[in-house]
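Student: I am new to this structure. Can we go through it in short questions?

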Amino acid sequence: MKLIQKIVLPLFVLLYSQTISAQYGNGYGNNGYGNGNGYGSNSMGQMDQGSQQESEKVIPVEVTVSKVMKEMTPAINLDELQVIAISNVLKESMNTQGRILKLNATQEEQMENFKILGETTDRKILEFLNKDQKEKYLIFKEESKNPKKSKSKKK
């Protein structure tokens with residue numbers, strides 16, 4: 001019995017101390033410089049907080065696409081397969097827009113690339129639509145360019 005206590009007690013203390021140490025930022029994965037509950041601080045932790053705040057301001061592509069699809073679906077009368085296909089086209093387009101912005105190109109080159117991307121995106125979307133939906137899509141696209149005019153027409 002005493003032999004079991006001699007083995008179990010140190011093992012328990014060792015495991016328990018690891019848990020406490022990890023809670024205060026001294027555990028694995030941060031090389032002991034932890035930032036847990038204000039104990040221990042480093043400049044890298046502060047820099048990480050700044051970059052997290054910047055990244056929180058960026059709206060994910062999926063959120064933007066879902067907002068567009070919420071407006072587009074009833075306006076064009078899309079079925080579920082069309083919604084999925086067009087969502088994928090829009091996601092691809094928005095990712096390409098991000099890559100174009102990151103290129104070291106002049107503003108004129110970027111504008112030309114955006115124009116080409118827009119035409120390509122429209123062509124891909126139109127492939128998924130029937131004749132009536134194509135007409136509604138073109139109207140929807142025009143109204144989205146001029147939102148003030150379309151709102152006044154609805155009133």
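Student: Is V83 buried or exposed?
Tutor: This is a predicted model. V83 lies in helix α4. Buried means under 20% relative accessible area. V83 has 15% relative accessibility, so V83 counts as buried.

Student: Which residues does V83 touch, not counting those up to four places away in sequence?
Tutor: Take T73 to begin with. V83 and T73 are 10 residues apart in sequence, yet 7.0 Å apart in space, C-alpha to C-alpha. With residues up to four places away left out, V83 touches M69, T73 and L78.

Student: Are α4 and α5 roughly parallel or antiparallel to each other?
Tutor: Helix α4 covers residues 80-102, and helix α5 covers residues 107-127. Their axes come within 10 Å and cross at roughly 170°. Angles over 145 degrees count as roughly antiparallel. Therefore α4 and α5 are roughly antiparallel.

Student: How many nonpolar, polar and charged residues are in the contact of α4 with α5?
Tutor: On the α4 side, the residues include I86, V89 and L90. They meet α5 residues, among them F114, L117 and I125. By class, the contact has 8 nonpolar, 6 polar and 2 charged residues.

Student: Which elements give two or more residues to the lining of the largest pocket?
Tutor: The largest pocket holds about 510 Å³ of space. It is lined by 21 residues, and the closest to its centre are V68, L90, D122, Y137 and S144. By class, the lining has 10 nonpolar, 6 polar and 5 charged residues. The elements giving two or more residues are α3 (61-76), α4, α5 and α6 (131-145).

Conventions. Residues are numbered from 1 along each chain as its sequence is written. This is a predicted model: local features need pLDDT of at least 70, side-chain atom pairs count only at pLDDT 80 or more; totals for chains, interfaces and linings use all residues. Side-chain values use heavy atoms; hydrogens and water are left out. Axes are lines fitted to C-alpha atoms, for helices over the stretch in contact, and angles run from 0 to 180 degrees between N-to-C directions. Helices (H or I, at least four residues) and strands (E, at least two) are DSSP runs, numbered from the N terminus. Angles under 35 degrees count as roughly parallel, over 145 as roughly antiparallel, 65 to 115 as roughly perpendicular and the rest as oblique. Contact means heavy atoms within 4.5 Å. Ala, Val, Leu, Ile, Met, Phe, Trp, Tyr, Cys and Pro count as nonpolar, Asp, Glu, Lys and Arg as charged, and the others, Gly among them, as polar. On a 1 Å grid over the protein atoms alone, a cavity is a set of points where a 1.4 Å probe fits but cannot get out, and a pocket is an open set with protein on both sides within 12 Å along at least five of seven lines; lining residues have an atom within 4 Å of a point. Grid points are joined across faces, edges and corners, and a volume is the space filled by probe spheres set on the points. Buried means under 20% relative accessible area, exposed over 50%, partly exposed in between (1.4 Å probe, protein chains only).
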